[in-house]
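Morning, everyone. Let me walk you through one protein chain. Please have a look at it first.

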Amino acid sequence: MTITPEREAELLASVPTGLLIDGEWRDASDGGTFDVHDPATGKVLATLASATSEDALAALDAADAAQGQWALTPARERSNILRRAFDLINERAEDFALLMTLEMGKPLAEARGEVTYGNEFLRWFSEEAVRDYGRYLTTPEGKNKILVQNKPVGPCLLITPWNFPLAMATRKVGPAIAAGCTMVLKPAKLTPLTSQLFAATLLEAGLPAGVLNVVSGKSASSISGPVMADPRLRKVSFTGSTPVGKRLLKDAADNVLRTSMELGGNAPFLVFDDADLDKAVEGAMAAKMRNMGEACTAANRFLVQDTVAEEFTRKFAEAMSSLTPGRGTEEASTVGPLIDSGARDDVHALVSDAVAAGAVAVTGGEPLAGDGYFYAPTVLGGVPNDAEILREEIFGPVAPVTTFSTEEEAIALANASEYGLASYLFTSDYARMFRVAEQIEFGMVGFNAGVISNAAAPFGGVKQSGLGREGGSEGIAEYSTVQYIGIADPYAK
Ligand code: NAP
């Protein structure tokens, strides 16, 4: 389908531009606004209200006021709202996909994939909402009884990044609704439009006023700061970079807030000499190039057994050089722009540093000329093990390849990182799969698989990649707290 300028304008005009507070779309209290840009052209797409600290606290007032009634709302009703929202997003899948492509830059085919993936969190948590089991038991002494029930944590602050505008929101909002929490959502200022449309869809699906409040703005800390300092807030769930996550953890300590932290990654991609190399290249393309490499799960370090490194690198470089960079709205585009000029400069600095240290650009290695923030899909061979690019999260379409000779060395190299989010392992030996998975310090392992995200799976990391899990049955537990009721011996006279 050709995307015309009229279609883009019509969609953008349908997106609310205000702050969502207590079920109403409002202007900022000081009338302030900020612009959202198209990273493929640099042009302004929309102008949104920019929340002040006062607005952020008004959003928390609304969440706090709605919390009591929302906690008492039957789970089936909360479940039905999520399910209706899932159906509405499915009906409007093309709108959500195009909006993400416009504000974030990913090709339409990938944006459609994110609608399917992101929306699944609503269906999954609509199903989890009604399976909220407690327990009842007799004390070991055989007299008193123990009753354990789950309760919603209470009002939550949800902070999301720009790279997956729908999925990062549904992964938090879905389980919070299912568990009976109210919330203040603060989307990334680079890509807030999808959250605006998502919130409008939830209201249409019957979400009561005040349960979800959305406050985007120019200054993240002037939104999060006063909300986190307010004792009515009970939890903060953050997805973003490790430095910002650490800062929020320190702030959370002051009010002893529950926290979920989905932070940065530095995924190793291990290829053993017994792997099917064509499948490994296919997996490498998915693990590296999904979202132009701007994913916390993106393969960041390709560790390849020395005997197959040359063949793997050649085939990988061929696949990378066959990609077609272009604005995501063009159907031929298979790789979009990076999010902004700073992101592109950072990627190029890492590549230049690696080349200066002795790496060779087998393909790519340069920013692309013209509009937008495009970077050539790049494979670097012979990267020294101490190169900066192997320690930093690249967040771009660049694949550094390095080698190992034994399984022990591969595990040691993979674990040589302060991060521990996603990892990938390509081998035809199932015994090796178990050995490596047991010894590798990562929250997630893809075995002969380049894409592992799924609403039914517990997504999350260890070490400096974060705390807690999103998705699976673990996802709803992040928004529940346990209450124990001790019951006196019913036989006592
Ligand atoms: P970021 O700069 O940390 O921003 C993430 C969010 O935090 C945005 O909403 C941002 O608001 C807000 N923020 C920034 N500074 C803040 C502060 N001082 N106080 C409160 N909020 C603040 O990260 P990003 O560049 O958007 O996203 C990329 C990072 O996210 C990467 O490191 C990636 O690995 C990570 N990520 C992790 C996961 C995961 O599940 N583990 C998933 C996706 C991404 P503004 O937009 O206003 O700056």
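Helices (H or I, at least four residues) and strands (E, at least two) are DSSP runs, numbered from the N terminus. Keep in mind that this is a predicted model: local features need pLDDT of at least 70, side-chain atom pairs count only at pLDDT 80 or more, and totals for chains, interfaces and linings use all residues. Residues are numbered from 1 along each chain as its sequence is written, and side-chain values use heavy atoms, with hydrogens and water left out.

Leu303 lies in strand E13, residues 299-305. Is Leu303 buried or exposed? Leu303 counts as buried, because its relative accessibility is 3%. Buried here means under 20% relative accessible area, exposed means over 50%, and partly exposed is in between (1.4 Å probe, protein chains only). Contact means heavy atoms within 4.5 Å. Leaving aside neighbours within four places in sequence, Leu303 is in contact with several residues, including Pro268, Phe269, Thr402, Phe404 and Leu413. Look at Thr403 too. Thr403 is 100 residues from Leu303 along the chain, yet their C-alpha atoms are separated by 5.2 Å.

Now the domains. The bounds come from an automatic or database domain assignment. That assignment gives domain 1 (5-263 + 466-482) and domain 2 (267-454). To their contact, domain 1 gives 27 residues and domain 2 gives 29 residues. The C-alpha centres of the two domains lie 30 Å apart.

How much area is buried between domain 1 and domain 2? About 2200 Å², with carbon and sulfur atoms giving 58% of it. Buried area is the accessible area (1.4 Å probe) that two parts lose on being put together, summed over both.

Next, charges. Side chains of opposite charge can pair when their charged atoms come close. A salt bridge is a side-chain nitrogen of Lys or Arg within 4 Å of a carboxyl oxygen of Asp or Glu. How many does the rule find across the interface of domain 1 and domain 2? Three salt bridges. H4 has the largest share, five residues.

By this rule the count comes to 24 salt bridges. Arg232 and Asp61 form a salt bridge through their side chains, at 2.8 Å from N to O. Arg232 lies in the loop between H8 and E10 and Asp61 in helix H2 (residues 53-72), so the pair ties together parts 171 residues apart in sequence. Arg232 is partly exposed, at 28% relative accessible area. Asp61 counts as partly exposed as well, at 39%.

Another pair is Arg171 with Glu470, where the closest N and O atoms are 2.7 Å apart. Arg171 sits in helix H6 (residues 167-179), and Glu470 is in the loop between strand E21 (466-467) and helix H15 (474-477), 299 residues apart. Both Arg171 and Glu470 are buried.

Then Lys235 and Glu478 meet in a salt bridge at 3.9 Å, N to O. Salt bridges that share partners also join Asp61, Asp64, Asp230 and Arg232 into one network.

Let's end on Asp230. Where is Asp230 placed? In the loop between helix H8 (220-229) and strand E10 (235-239). Asp230 counts as buried, because its relative accessibility is 13%. Not counting residues up to four places away in sequence, Asp230 touches Leu57, Leu60 and Asn255.
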